[in-house]
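Student: I have a structure to go through with you. Can we take strands and backbone angles in turn?

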Amino acid sequence: MSASAVHSLWTTAATAADPIAKIDAPKIEYGQLSPVLIVLGAAIIGILVEAFVPRRSRYYAQMFVSAVALVAAFAAIVALAAGGYGTTKAGIAAMGAVAVDGPALFLQGTILLTSLVGLFTFAERRLDPEQHGNRVDSFAAQAAAVPGSESEQKAVKAGFTTTEVFPLLLFAVAGMLVFPAANDLLTLFVALEVFSLPLYLLCALARRKRLMSQEAAVKYFLLGAFASAFTLFGIALLYGYAGSMSYGTIAQVVDGTVQNVSPALADTMGNDALLLVGSALVVMGLLFKVGAVPFHMWTPDVYQGAPTPVTGFMAAATKVAAFGALLRILYVVLPGLRWDWRPVMWGVAIVTMLAGAIVAITQTDIKRLLAYSSIAHAGFILAGVIATTPEGISSVLFYLAAYSFVTIGAFAVVTLVRDAGGEATHLSKWAGLGRRSPLVAAVFAVFLLAFAGIPLTSGFSGKFAVFKAAAEGGAAPLVVIGVISSAIAAFFYIRVIVLMFFSEPRPEGPTVAVPSPLTMTAIAVGVAVTVVLGVAPQYFLDLAGQAGVFVR
């Protein structure tokens with residue numbers, strides 16, 4: 001048969017059924033997606049800067065592009081919120097893929113602000129002594145060079161710097177912005193990978209202790225790949241159960257309110273095993289990102305091994321994004337399964353609070369101590385998630401905003417205490433820091449008191465809001481365990497404060513480096529947010545309250 005005859009057959013078949021006419025052009029609301037698009041665009045510009053800008057100017061160009069992008073994206077969030085997209089005009093954008101509503105905008109704003117503060121710690125170049133007349137930052141001179149090899153020494157001598165960290169940061173932020181706003185399971189998974197892969201790379205780039213840094217990255221990558229695989233398997237099972245990836249459709253199938261049921265869907269709808277196992281696997285992947293017990297094993301090693309600016313950024317921003325996604329899955333997709341997932345979440349929250357607080361007491365490294373502290377905080381936030389009330393959502397939003405700034409500030413202070421080998425993270429070296437450098441020790445003490453939840457700090461306001469919501473939601477026993485865990489946790493925070501102010505400084509102890517205005521700004525913002533949210537939290541609690549309604 002000749003080619004023309006085949007072609008005429010194709011065209012007649014097409015005209016007969018006319019499937020082409022039925023494919024609608026996609027309708028994308030660019031204005032509502034502008035925060036994500038700005039950050040992604042800047043990340044791509046950052047890659048072009050790496051390719052075309054001379055090495056001398058890259059650092060300043062990348063810094064400028066990243067800062068402008070984060071500020072512009074935050075301005076876009078404010079504009080959307082002012083335009084009512086967080087309340088009256090909340091809806092689903094990008095053909096059902098992304099939700100633009102109060103929780104999404106609140107969490108995206110928090111992620112952008114913490115990322116901007118994190119960017120300042122990434123760009124810090126005054127803490128290490130100059131090498132061969134060049135200022136150096138926390139990142140390896142040449143990421144591809146084998147640690148301790150001749151090529152690494154040549155790269156240091158030539159004054160190379162890994163400025164690729166800035167576009168990597170922006171790609172991670174873009175993924176984090178989509179993650180809590182995702183409105184179908186496929187978008188959720190793509191966002192998860194988009195922000196995880198840059199973080200795996202960033203963890204491996206420490207200038208000092210490079211082998212430990214690379215070990216941390218490999219652990220994070222392997223465990224993260226496992227968690228992603230579980231999530232993907234869960235997504236497949238949920239799709240098999242509901243015949244759809246969309247959150248709204250799955251929720252209707254779970255509730256039994258779905259219209260026009262086909263025979264195939266009727267068969268799978270009766271199969272609760274698909275639903276229960278699928279939901280469990282998806283939630284498991286999210287609990288891994290949050291760092292809840294028993295999916296927390298990666299946290300201490302990765303926090304300790306990664307470059308400290310990356311640890312601070314990751315500890316703050318990843319938690320915000322992951323809790324946002326977890327809230328949306330539980331409150332939008334699985335409200336019909338509440339009686340099944342609440343008891344499980346009770347167990348996870350209790351074990352997470354207690355394990356994080358108790359194991360932290362035994363830690364001798366400040367970064368590991370903050371890692372276990374972050375695990376305990378994941379448990380406290382889960383108490384708000386369990387409330388299943390509007391107050392539960394708003395208390396979690398407020399806690400995440402308060403916690404993220406304290407975390408970035410605390411890790412920024414850790415970068416300042418240094419000895420000959422770089423950062424002095426062993427607790428014994430912090431003895432007497434309050435006499436050597438009273439200001440730095442006092443600032444760190446403020447952050448520790450906020451972590452402990454002492455009144456007049458943001459930590460107290462956040463814990464109070466979360467525990468109040470949990471108690472009103474019928475989880476009073478959980479609140480009692482939360483208060484006991486807080487008391488245990490307060491012990492090791494206050495122990496560090498006592499060590500800094502009431503111990504004799506060692507003669508060979510570490511020095512406190514004088515940072516550039518960048519790190520000073522990061523720490524100052526942390527202190528300001530901690531104090532303001534502690535002394536006058538009402539405006540921000542109201543803001544979180546207004547933003548606490550998910551669109552379905």
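Tutor: Start with terms. Two strands pair if DSSP finds at least two bridges between them. Helices (H or I, at least four residues) and strands (E, at least two) are DSSP runs, numbered from the N terminus. This is a predicted model, where local features need pLDDT of at least 70, side-chain atom pairs count only at pLDDT 80 or more, and totals for chains, interfaces and linings use all residues. Residues are numbered from 1 along each chain as its sequence is written, and side-chain values use heavy atoms, with hydrogens and water left out.

Student: Which residue in E5 is the bridge partner of Arg-418?

Tutor: Strand E3 covers residues 417-419 and is joined to E5 by 2 bridges, running antiparallel. The partner of Arg-418 in E5 is Thr-511.

Student: In what order do the 3 strands of the open sheet lie?

Tutor: The edge strands are E4 (422-423) and E5 (511-512), each pairing on one side only. The pairing is antiparallel, and the order is E4-E3-E5.

Student: Is the peptide bond from Val-293 to Pro-294 cis or trans?

Tutor: Pro-294 sits in the loop between helix H11 (272-290) and helix H12 (298-305). Omega of the bond from Val-293 is near 5°, and the bond is cis.

Student: Is Thr-388 buried or exposed?

Tutor: Thr-388 has phi near 50°, a positive value in a residue other than glycine. Its loop runs between helix H15 (366-386) and helix H16 (390-414). Buried means under 20% relative accessible area, exposed over 50%, partly exposed in between (1.4 Å probe, protein chains only). Thr-388 has 14% relative accessibility, so it counts as buried.
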